[in-house]
Amino acid sequence: RETVPLAGLIEDANAIALVGTAKAISYSQDVDPSLKVDADPVQIQQVLINLVRNAAEAMEQSGERRLSVTAKREGDRVEICVQDSGPGIAQDSRAHLFEPFQSTKAAGMGIGLSICRTIVEAHQGRIWLADDGEGAGASFRFTLSLAA
């Protein structure tokens with residue numbers, strides 16, 4: 001692990017995650033440039049790439065495709081949020097979302113969110129789907145420790 005500027009980590013992950021997206025996405029990022037985390041940058045980029053790629057895929061059939069990544073300080077932690085304007089996650093899929101081999105995609109393997117959870121928990125954080133209401137898009141959030 002190392003001390004990593006969060007804004008740059010997010011920008012690098014998005015550059016990879018959004019390559020080859022079929023349709024244009026309106027992207028916004030709101031991350032204080034002074035936020036730094038203690039993390040393995042490759043692992044956290046993997047989490048971000050997975051969440052952003054999932055969001056882009058979820059919005060493929062949406063008329064309006066908006067994706068935002070935000071980060072805010074919460075005491076000695078930072079909460080990162082990846083939010084999309086897709087169809088959201090059906091209520092009956094939410095309970096098992098982070099379990100291995102559970103997928104909401106027809107061709108999904110069901111390991112991406114499980115890997116995300118493992119990585120975030122190894123960083124003493126937590127990851128969850130915020131309850132913004134069915135049909136309101138998806139809002140995945142996770143926490144990391146701020147660098148001292």
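Biologist: Happy to see it! How many aromatic pairs does a search of the whole structure find?

Modeller: This is a predicted model, where local features need pLDDT of at least 70 and side-chain atom pairs count only at pLDDT 80 or more, while totals for chains, interfaces and linings use all residues. Residues are numbered from 1 along each chain as its sequence is written, and side-chain values use heavy atoms, with hydrogens and water left out. Rings of Phe, Tyr and Trp (its six-membered ring) pair if their centres lie within 6.5 Å. Searching the whole structure for aromatic pairs gives 0.

Biologist: Which ring has the charged end of Arg126 over it?

Modeller: A charge sits over a ring if NZ of Lys or CZ of Arg is within 6 Å of the ring centre and within 35 degrees of the ring normal. The charged end of Arg126 is 3.7 Å from the centre of its ring, and that ring belongs to Trp128.

Biologist: Is Cys116 buried or exposed?

Modeller: Buried means under 20% relative accessible area, exposed over 50%, and partly exposed in between (1.4 Å probe, protein chains only). Cys116 has 1% relative accessibility, so Cys116 counts as buried.

Biologist: How many helices and strands does the protein have?

Modeller: Helices (H or I, at least four residues) and strands (E, at least two) are DSSP runs, numbered from the N terminus. Their order from the N terminus is β-α-β-β-α-β-β-α-α-β-β. The count is 4 helices and 7 strands.

Terms used
Phe/Tyr/Trp six-rings, centres within 6.5 Å; stacked < 30°, edge-to-face > 60°.
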